[in-house]
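Subject: Structure handover

Hello,

Here is the structure you asked about. Please open it next to this message and follow along.

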Amino acid sequence: MNLKDHIRNIILEINQETKLISEEVIENTPERIETFYKEFFSGLSINPHIFLKRTFPVLTNDLVLEKDISFYSMCEHHFLPFFGKISLGYIPDGKIVGFGDIIKVIEAFSKRPQLQERLCSEIADCIFQALNCQGVYVVVEAEHTCMTMRGVKALGSKVITTASRGVFNTHPHLKTEFINLIK
Ligand SMILES: [Zn+2]
């Protein structure tokens with residue numbers, strides 16, 4: 001059975017008692033959801049490391065920071081979206097990557113069934129390993145629709161997670177600098 005037939009079964013199950021769902025929806029929505037799922041979960045078939053193969057040399061190893069990068073992901077516990085902003089900073093060790101390539105890494109990790117904590121650390125580890133840089137700090141701030149639409153209905157609440165690697169752990173002033181810059 002393909003994905004859209006499974007989705008149609010879910011819709012038919014929901015519709016069983018009241019029959020309020022229209023024929024058009026039963027007929028066409030499964031395919032729309034299938035198309036969306038295939039697009040949205042495309043990150044599962046991408047190895048994000050491929051985006052960091054092309055690097056550029058630098059003479060000075062100063063902090064590089066990209067802030068307020070928008071992202072959408074899907075909570076793996078409820079298959080409901082969570083979304084927000086990511087700020088990422090790293091201290092190079094002789095080489096940097098393109099800003100756009102960092103965004104591609106974030107996309108590949110977020111377009112999967114995810115947990116915010118894991119998303120945050122996977123991005124940090126990927127940059128840290130691929131660039132072999134001195135340190136990485138990632139801050140993810142997100143709203144979880146599984147918290148705001150259902151369950152505790154914590155409307156407007158945000159979850160912040162952080163992941164730090166390398167010199168950000170041994171030199172706390174770097175974290176302070178980072179936090180001041182993303183304020
Ligand atoms: Zn959830």
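Below are the findings, going from the domains to the sheet, the helices and a few single residues.

Two points on reading it. This is a predicted model, in which local features need pLDDT of at least 70, side-chain atom pairs count only at pLDDT 80 or more, and totals for chains, interfaces and linings use all residues. Residues are numbered from 1 along each chain as its sequence is written.

**Domains**

The chain is assigned domain 1 (3-43) and domain 2 (50-182); such bounds come from an automatic or database domain assignment. Their C-alpha centres lie 33 Å apart. Four residues of domain 1 and seven residues of domain 2 make the contact. Here, contact requires C-beta atoms, placed from the backbone, within 7 Å. The side of domain 1 that touches domain 2 has two nonpolar, two polar and no charged residues. For those classes, Ala, Val, Leu, Ile, Met, Phe, Trp, Tyr, Cys and Pro count as nonpolar, Asp, Glu, Lys and Arg as charged, and the others, Gly among them, as polar.

**The sheet**

Helices (H or I, at least four residues) and strands (E, at least two) are DSSP runs, numbered from the N terminus. Strands pair if DSSP finds at least two bridges between them.

Five strands form an open sheet in the order 5-2-3-6-7, with mixed pairing. Strand 5 (113-114) and strand 7 are the edges; each has a single partner strand, so one side of each has no neighbour in the sheet.

Take the pairs in order:

- Strand 5 runs parallel to strand 2 (residues 64-75), joined by two bridges. Cysteine 75 is opposite glutamine 114, and methionine 74 is opposite proline 113.
- Strand 2 and strand 3 are antiparallel over ten bridges. Tyrosine 72 has phenylalanine 83 as its bridge partner. The two strands form a hairpin with four residues between them, and phenylalanine 79 in the turn has a positive phi of about 50°.
- Strand 3 (residues 80-91) and strand 6 are antiparallel, also over ten bridges. Phenylalanine 82 faces histidine 144 in strand 6.
- Strand 6 and strand 7 (residues 159-166) are antiparallel, with eight bridges. Valine 138 pairs with alanine 163 in strand 7.

How covered is strand 6 (residues 135-144)? Mostly: eight of its ten residues are buried. Buried means 20 or more other C-beta atoms within 10 Å of the residue's own, exposed means 12 or fewer, and partly exposed lies in between; C-beta atoms are placed from the backbone.

Which strands does helix 4 touch? Helix 4 packs on the sheet and touches strand 2, strand 3, strand 5, strand 6 and strand 7. Its direction makes about 25° with that of strand 7. Axes are lines fitted to C-alpha atoms, for helices over the stretch in contact, and angles run from 0 to 180 degrees between N-to-C directions.

Helix 4 (residues 116-131) has 16 residues and reaches 23 Å between its end C-alpha atoms, close to the 22 Å expected at 1.5 Å a residue. Expected span is 1.5 Å times one less than the number of residues. Its buried residues are Leu119, Cys120, Glu122, Ile123, Ala124, Cys126, Ile127, Phe128 and Leu131. In an α-helix there are 3.6 residues a turn, so residues three or four places apart point the same way.

Helix 3 (residues 99-110) has twelve residues and reaches 17 Å, close to the 16 Å expected. Its buried residues are Ile102, Val105, Ile106, Ala108, Phe109 and Ser110. Their cover includes strand 2, strand 3, strand 5 and helix 4.

Helix 1 (residues 3-15) has 13 residues; its end C-alpha atoms are 19 Å apart, which agrees with the 18 Å it should span.

Serine 70 is in strand 2. It is exposed, with 10 other C-beta atoms within 10 Å. Its C-alpha is 23 Å from that of leucine 174, which is 104 residues away along the chain.

Methionine 149 is in the loop between helix 5 (145-148) and strand 7. Methionine 149 is exposed, with 12 other C-beta atoms within 10 Å. Methionine 149 and aspartate 68 are 81 residues apart in sequence and 24 Å apart in space, C-alpha to C-alpha.

Best wishes

Note on methods. Two residues are in contact if their C-beta atoms, placed from the backbone, lie within 7 Å.
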